[in-house]
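Work through the exercises below with the structure open. Each task is followed by its solution.

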Amino acid sequence: MKAMVLHAPRTPFVMEERPDPKPGRGEAVARVFACGAGLTIEHVRAGRVPFATFPRIIGHEISGEIVEVGPEVQALKVGDPVTCYFYTGCGRCRWCRTNREPLCENQGPRVGYQIDGGYAEFIKLPERNFLKLPPGLDHRNEAPAVAVIADALATPFKVVRHAKIEPLENVAVVGAGGGLGIHMIKMARWAGARVIAVERNAGKFDACREAGAEAVVDASGNDVVGAVLEATGGRGADVVIDFVSSTTSLEAGFACLGVGGRLVTLGGAGEDFKVAARHLLNKEAVVMGSRYATKQEVLDALALAARREVWPLVTEVYPLAEAERVHERLAAGEVIGRAALSIA
Ligand SMILES: [Zn+2]
């Protein structure tokens, strides 16, 4: 099979001919029709994932079809349309058992980090890392959009649940023009919220509005907090979802919260920040993190997309051979919504 391989961080992709993968016990192989290209995997190429191992085929947002199953595979058969679950949980610990798999105490390898992912014609995974697509999603003809649902829509869907976003709440999305940010706008709108997009790249403002933001705050200006307060009639935001997560953005995000507000970090720069305990107390504010999504949340996001209640925004699709070009655009912050590679 053809595969795009990274041999080390900060090196170009190399197109290689590799043996077609053969499924072992409990494993299956899928043909890949498309694979999403987002910052989560650009981090591997850029050397920001210290536990990634090389050489590696990256990519975990796939639209595929099972072509072979190994011994003892029970829930998959040849021809099943599938996507991929990024993490590998143990399925037995208290977190796996309470629908919080991203917190698993016995995390296994991540797809595209420590085991090979979707930048190839075929992908071999443990059976439990494949999730079957529901009827209503076309894994071949809509492959780029279907591929990205499993992270770009599922991660924001989880935030809606985790931060308990209610209809008519004011939700500020920081880094709103990014791959997850655009989909967070869509998902918060789906939940009935009023969305304020906070974004520093003026070239992405229109996309934020088209995704459903009622107001756009230019984060390259000085007074983000004042602008968010103004956009909420002085009440402050009920929820601030921060995909940037720098010291500045987190402290501004906390200052934007109204009474009962929740500040959610999803990683980004992951910098430290200060919170005034008296504000935490007086507002009964909540500061929380949100990691990826559970398998059920991925299945729920797939179901929402199958019903066309929320649909992913894929603005750029390239052949596998042009992975390098996509990642240069990702690194430069030039992609609006998601990019994807079309493979089959
Ligand atoms: Zn577990």
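**Exercise 1.** Find how the axes of helix H6 and helix H7 are arranged in this predicted model.

Solution. 
- Locate the helices: H6 covers residues 224-231 and H7 covers residues 247-256.
- Take the axes. They come within 9 Å and cross at roughly 30°.
- Apply the cut-off: angles under 35 degrees count as roughly parallel. H6 and H7 are therefore roughly parallel to each other.
- List the contact. H6 brings Val224, Val225, Val228 and Leu229, which meet Ala252, Ala255 and Cys256 of H7.
- Sort these residues: 7 are nonpolar, with no polar and no charged ones.

**Exercise 2.** Classify the crossing of helix H3 with helix H4.

Solution. 
- H3 spans residues 143-162, and H4 spans residues 179-190.
- Their axes come within 8 Å, at a crossing angle of roughly 50°. That makes H3 oblique to H4.
- The crossing is right-handed.
- On the H3 side, the contact holds Ala152, Leu153, Thr155, Pro156, Phe157, Val159 and Val160. Gly179, Leu180, His183, Met184, Met187 and Ala188 meet them from H4.
- The contact divides into 10 nonpolar, 3 polar and no charged residues.

**Exercise 3.** Describe how domain 1 and domain 2 divide the chain and touch.

Solution. 
- Over C-alpha atoms, the domain centres are separated by 28 Å.
- Count the contact: 11 residues of domain 1 against 12 residues of domain 2.
- The domain 1 side that touches domain 2 has 6 nonpolar, 3 polar and 2 charged residues.

Technical notes:
Residues numbered from 1 in each chain as written. Predicted model: local features only at pLDDT ≥ 70, side-chain atom pairs only at ≥ 80, totals over all residues. Axes fitted to C-alpha atoms, helices over the stretch in contact; angles between N-to-C directions. Helix = DSSP H or I, 4+ residues; strand = E, 2+ residues; numbered from the N terminus. Parallel < 35°, antiparallel > 145°, perpendicular 65-115°, else oblique. Contact = placed C-beta atoms within 7 Å. Nonpolar A, V, L, I, M, F, W, Y, C, P; charged D, E, K, R; others polar. Domains from an automatic or database assignment. Left-handed = near helix turned anticlockwise from the far one by under 90°.
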